[in-house]
Amino acid sequence: MTNHTKQSSSVSLTIDNSLLPKDNKDRTMNCFTYAFMWIGDGMNLGNMTLGASLVVAGVATMNILQTFVATFIAILIISTIFVFNDRLGYRTGIPYVVQLRMSFGIKGAIISSLLRGIPAIVWYGFQSWIGATALNEIIKILSNGEFNQVFVCFLILQFFQIILSLYGFHAIKWVETLISVVILCALIYVFIIVLNNHQAIIIDKWVKPEGTWGLPFYGFIMMFLGNYAAIFLSAADYSRELKSGFSNRKRGLLYFLPIFIAYGFIITIGVMLASVTGNSNPVKAFAIVVDNAYITLVVSTFIVLGTIAVNIVANIIPPAYVITLLTKANYKLAVTITGLLAIASFPWILVQDTSAQGLGLFILIYSAFLGPIVAILLVEYYLLRRQQININALYDNKGQFAGYNPAAILAMLIGSAAAFYEVSLSWVVGFFVGGISYILLTKYAFKQSLFKKGTIFEKR
């Protein structure tokens, strides 16, 4: 039986209201809008490129069966981690930055929350810059070539996304639903055209090949996990917006089915386009297979909508909560700061060829920390505390969770070091090493630590 104590007036509060536990009456999302949020997040050009990456020299390295088995396994793992890590946020209404205090402490949570927030801000700017280049193409076509200002489009797109994000999950509900429907219809159209005109090529290059169940198969699963690592780490930020009444199994389906629909469809089209054209760039592949004078306009619109969908879900809300935690700014100011910081990340430099290697290194560095952090959170809640946590204490600056937990910090660093040792399996390695290290450190080290209180290692 879980024990989640409610907020009381005795707690020492120095935190914005947006970070306090959410009651059911304040939650905005039902199963329909929650599902479409994940569909919208999955349907973007980057994920289509994931499917296209399976095609090498015009032939798929994995056949259609292997592709979907790998996809099924990856999304099953993702959904399982989601439903385990979202449970505390769903039951109590606390956000990710407060959930971190349970393991890392109030001061220690600052470090671990930044490891989620900073990469999200960088990706916010990067995704927006890609969207801005597409928006520039749209305006260029409509103005007959008279307009060509990517930076201006970038500022316009950022301003629009900041305005949307001011409304929080109220905006996400209708924006993600609308975008999901529009993109889904466009992709169905492309799917039908490609299948009707190039069925024989697709069968020959994707369905019939022997493929492999070896390293490429497992590597594809790892890419999936890496793609969602940051999102399911902050699962509480999303689940606290979902109306109460959903069992663990139902919430699992609310993750699995939308993600499988979005990814299954987007990857299928990515593989098909690459098989037919031999081009792994979805934008160029679109233009080749769809004989239409306005293809650039259609594709660019798809990119812009996908950019907005991904940023709202993955790259705006989580860092905004981090900024609120660090600066005590209210939510609306925090999302505005997030948008401005995304501009200050200079994404037009990140997309240059000369800095592509640096961007890749940046991704590897921050990803190595995500596996250990989620492992520590799961070990803490399920193994050490047996799902019993005093929520009041997480908000008390003078209580048990004040300061930082050295066991969690060390376990995160040990797990991350192990992740760097084997980059191709970094998330999995970091996850297991970080989790095991945390159990051992909590049990055998720092014997006077207040963080042992309430755990199975507390001295009775």
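Modeller: The model is a predicted one. Two cavities of 30 Å³ or more are present in the structure, and the largest cavity has a volume of about 60 Å³. Its lining is formed by E380, L384, N405, A407, Y438, T442, A445, F446, S449, F451, K452 and T455. Two elements, α16 (356-384) and α19 (426-444), each give two or more residues to the lining of the largest cavity. Sorted by class, that lining has six nonpolar, four polar and two charged residues; E380 and K452 are the charged members.

The second largest pocket holds about 260 Å³ of space. Of the 14 residues that line this pocket, R385, Q388, N390, K453 and G454 are the closest to its centre. The class count for the lining of the second largest pocket is five nonpolar, six polar and three charged residues.

Helix α7 covers residues 150-165 and helix α14 covers residues 331-344; their axes come within 9 Å and cross at roughly 160°. An angle over 145 degrees counts as roughly antiparallel, and α7 and α14 are therefore roughly antiparallel to each other. The crossing in which α7 passes α14 is right-handed. On the α7 side, the contact is made by F154, L155, Q158, I162 and S165, while α14 supplies Y331, V335, T336, G339, L340, A342 and I343. By class, this contact of α7 with α14 has eight nonpolar, four polar and no charged residues.

The other pair is α9 and α11. Helix α9 (residues 215-233) packs with helix α11 (residues 248-277) at an angle of about 125°, and their axes are 14 Å apart. The range from 65 to 115 degrees counts as roughly perpendicular, and roughly antiparallel requires an angle over 145; α9 and α11 are therefore oblique to each other. Here too the crossing, of α9 past α11, is right-handed. The residues F220, F224, N227 and Y228 in α9 meet I259, Y263 and I267 in α11.

Conventions:
Residues are numbered from 1 along each chain as its sequence is written. This is a predicted model: local features need pLDDT of at least 70, side-chain atom pairs count only at pLDDT 80 or more; totals for chains, interfaces and linings use all residues. Side-chain values use heavy atoms; hydrogens and water are left out. Axes are lines fitted to C-alpha atoms, for helices over the stretch in contact, and angles run from 0 to 180 degrees between N-to-C directions. Helices (H or I, at least four residues) and strands (E, at least two) are DSSP runs, numbered from the N terminus. Angles under 35 degrees count as roughly parallel, over 145 as roughly antiparallel, 65 to 115 as roughly perpendicular and the rest as oblique. A crossing is left-handed if the near helix is turned anticlockwise from the far one by less than a right angle, and right-handed if clockwise. Contact means heavy atoms within 4.5 Å. On a 1 Å grid over the protein atoms alone, a cavity is a set of points where a 1.4 Å probe fits but cannot get out, and a pocket is an open set with protein on both sides within 12 Å along at least five of seven lines; lining residues have an atom within 4 Å of a point. Grid points are joined across faces, edges and corners, and a volume is the space filled by probe spheres set on the points.
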